[in-house]
Each structure stands twice: as C-alpha cells, then as structure tokens.
Amino acid sequence: MISKSDFDFYKENGYLVIQNFLDDKKVDKLKANYDDLRKKLAERTSIKYSDYHKEISQIRDIWKYDEDFKKLILEGEIAKTAPLFFEDKSCRLLHDHIINKPLGNNGTVPWHQDYTYWPTDNPNGLSFWLPLSDLDKNAGVLEVVPKSHLWGEEKPVDFINDTKDFSNYDVKYLEVKKGDIVILDALTWHRTSENISIEERIAYISLWIPANSRYAPKHASWHPVNDNITVKENEILNDDWFPVIGKGKTNGPEHTYLDNSETETMQKITMYNASKKARNFLQKHLDINTDVWTFLYNETNREKAVNRLIEKFNLNDNVSDELNEVLLSMSINGLAYQNHKARNVYNKSYVKFKNIFKDEI
Ligand SMILES: O=C(O)CCC(=O)C(=O)O
C-alpha cells in the first residue's frame, strides 16, 4: 500500500523506493525464468552460452517471451501500482527490458534522463526498476539526483561521448533489496556505476507513459521501439505493443517536444550509430560479402581480420589482442541484436574500437 507521503515524496524528489513490493518467492521465479530465457535466446542465435552470458546485458520485450513477467506488468503488482502515479490513474506500457551487469564485463550507464530516448510526445512518464537480488553500493545500483525531474528536459546524452558530471550534487545511492522496487520519473537524472560486487546485477525494468501519449519519431527515431509502431507521427500510440492499464484518457491535446533528429547523423561514432558504423567499416575494409557479425564470430576469420586490419591501417602489433576482443564482443552484440535486439549497453567495445581506428571511422 502506497501512502500519501510516498506519493508526496515521489512528486517532490522524482523517485521512490517501495520496500517489499514483491515476495522473495516471486522474485526467485522471475530470476529463474530469466536464466531460462537467456539460454534459449543464446541457442536461437547460435552464440555459445558462456559468450552470451558474459556479453549480453540488455534483453528487451521480456513480456513477449515470458508469462510471469507479462502477468506482473499487465495484471499483477506492477499493473496495480503504475497507474496510481499518473494523473488519470492509467498508463501505457512503452516497453520492458532486463539490464544485467555481468561480473567482470560491465560498466557505467552514464547520467541521463529516460524520456530523452523515447519516441513519444509527453515527458510525464516513469519506470519501475526491480532488482532480482539484494544490492549493495558496489553492485551498480541506481544513483539519482533528487528533484532533478523539475529541471525539464535536456538533449539526449550520448553514452559513448558522455561528459555529464553531478559530483557536486547530493546524489542518492539506492541500495535496494530483493523484492524492493524503485519508481523513477522519466525526467530524473540517474545513472548506474560498474558492478564490482561478487554477483551479477540483474534489474527488470518496465517503462510507462501517459495513455494518451502520441508518437513522436523525431524525438528518438533511432530507438528500437520505433520498429513496433504502426501509427503515424502525432497519433496516439494505440498499438498492441503498447497496452493501456486502467481506464484513463486515450485522447487529448498534442504536446510539443524536442526535435532530436540530429542524433541520427553518421558523421562521427555515437551510441546511436556505433554498431551500424562499425559494421559498414568492417564490411568495406575486410571485403566481407556475407553477414559481418557471423563472419567475425568465427575464431579463424577473426584472427585473419585482425591481421588484415593491423596491416591495412598500420597499427601497432600490440593492439592485436584488444582488437580481437573488440571484434568478438561486437560480433556477439551484432548477432544478438540482429536476432532479438539484445546487446551490451555499456559500449566499452565501441569506445575501444573508436580509439583504435580514430579518424578512420
Ligand atoms: O539498470 C541499469 O544499469 C541502468 C538503468 C537505467 O539507467 C534506466 O533504466 O534508465
């Protein structure tokens, strides 16, 4: 039960932790389902599970694969709670995903505001962030800047070329326990640091928007949810992929929003184009006629590719191990994304790739 003071806290600070939101048994079942799912997805993509497990940190649209997650967000505890945080007591699912910070291969998700990445016209959304285990400060917990949702929307942050710094602010580390949930306003500045604990850090996140949100492709045309949208620009997001919970307004005025079309530019390497740019670059310079990522996932091909690139770009020989690792990581990401839009959200390999080839890309 959420009290009036909880709602007041959320409104004032732009986030809220609800303790004991789900019992341990339910969370353990969700975790087991996630373990099964990632095994199935690795198999379906012909990626070795050990590679998939180490590399893939984001799997999208969990509710489309798994009945327990689906029940949780469409009928269960989250469905019963999310609408209460909206003016008309109803909301629409934008999408859900799991973000994992695997041990030894994870990093920071830089400071950002979620709404800046959503192709929708109304910033009054939020997300529910549910950890599937206890988290201490070292585990890559959510860090939030209280009250920052009141500052309004800024341009989207490019995780690869990130420069935001909130070290002078009163940042809160949300050391939540298994079964707790964090509710986060879509304009609240937040990040998660590297997981340096002894367990992988898994969070299930569902993102909610006002039921009468309209499609705004210019706000985030690169976002994968665009692929699930069949309505036209400025129309209400009435599509099967975006179910409404509650009986709220499914009509209403249009809102103005920032035009972020420039994030699509292919000029320099950014989080919006990194995989595409890397693939085009490798296809061209390695003269590959088949799928680049399938080709590079093969160890022998990858070794040949490394030698060829070192020779062609006159790189120092000592870059060979790093380049091999980067190509492996990018090939796993590329294959998983092509197959089911899963990937590593930390972009370490793209940053390394960018640093190795500098202005050549
Ligand atoms: O779970 C994470 O590591 C990142 C979560 C996040 O930043 C988000 O959900 O917007």
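F69 sits in helix α4, which covers residues 67-74. Helices (H or I, at least four residues) and strands (E, at least two) are DSSP runs, numbered from the N terminus. The model is predicted: local features need pLDDT of at least 70, side-chain atom pairs count only at pLDDT 80 or more, and totals for chains, interfaces and linings use all residues. Residues are numbered from 1 along each chain as its sequence is written.

Is F69 buried or exposed? F69 is buried, because 24 other C-beta atoms lie within 10 Å. The term buried calls for 20 or more other C-beta atoms within 10 Å of the residue's own; exposed means 12 or fewer, partly exposed lies in between, and C-beta atoms are placed from the backbone. Setting aside residues up to four places away in sequence, F69 touches L30, N33, I62, W63, D96 and Y204. Such a contact means that the two C-beta atoms, placed from the backbone, lie within 7 Å. N33 is 36 residues from F69 along the chain, and their C-alpha atoms are 8.8 Å apart.

Now turn to strand β8, residues 181-185. Five of its five residues are buried. Which residues cover each side? I181, I183 and D185 lie on one side, V182 and L184 on the other, and all are buried. In a regular strand, side chains alternate between the two faces of the sheet. β8 pairs with strand β1 (residues 15-18) in the antiparallel sense, over four bridges. Pairing here means that DSSP finds at least two bridges between two strands. Y15 stands opposite L184 in β8. β5 also runs antiparallel to β8, and four bridges join them. In that region F128 stands opposite I183 of β8.

Another part of the fold is an open sheet of four strands. Their order is β4-β9-β6-β7, and the pairing is antiparallel. β4 (109-112) and β7 (172-174) stand at the edges; each has a single partner strand, so one side of each is left without a neighbour in the sheet. The twist averages 20° from one strand to the next. For such angles, axes are lines fitted to C-alpha atoms (for helices over the stretch in contact), and angles run from 0 to 180 degrees between N-to-C directions. Strands of a sheet pair through backbone hydrogen bonds, either parallel or antiparallel.

Within this sheet, strand β6 (residues 142-144) and β9 pair over three bridges in the antiparallel sense. E143 has R191 of β9 as its bridge partner. R191 counts as buried, because it has 20 C-beta neighbours inside 10 Å. Leaving aside neighbours within four places in sequence, R191 is in contact with T108, V109, P110, W111, H112 and E143. Y115 is 76 residues from R191 along the chain, and their C-alpha atoms are separated by 14 Å.

Ala, Val, Leu, Ile, Met, Phe, Trp, Tyr, Cys and Pro count as nonpolar, Asp, Glu, Lys and Arg as charged, and the others, Gly among them, as polar.

Step back to the whole chain. It is divided into domain 1 (4-261) and domain 2 (274-360), with bounds from an automatic or database domain assignment. Their centres, taken over C-alpha atoms, are 29 Å apart. The contact takes 19 residues from domain 1 and 18 residues from domain 2. On the domain 1 side, α2 (24-44), α3 (49-55) and β2 (58-60) are the elements that give two or more residues. That side has 10 nonpolar, five polar and four charged residues.

Two loop residues complete the tour. D287 lies between α6 (274-286) and α7 (292-297). D287 has a positive phi of about 55° although it is not a glycine. D287 counts as exposed, because it has 8 C-beta neighbours inside 10 Å. N314 lies in the loop between α8 (299-312) and α9 (320-340). N314 has a positive phi of about 55°, and it is not a glycine. N314 is exposed, with 6 other C-beta atoms within 10 Å.
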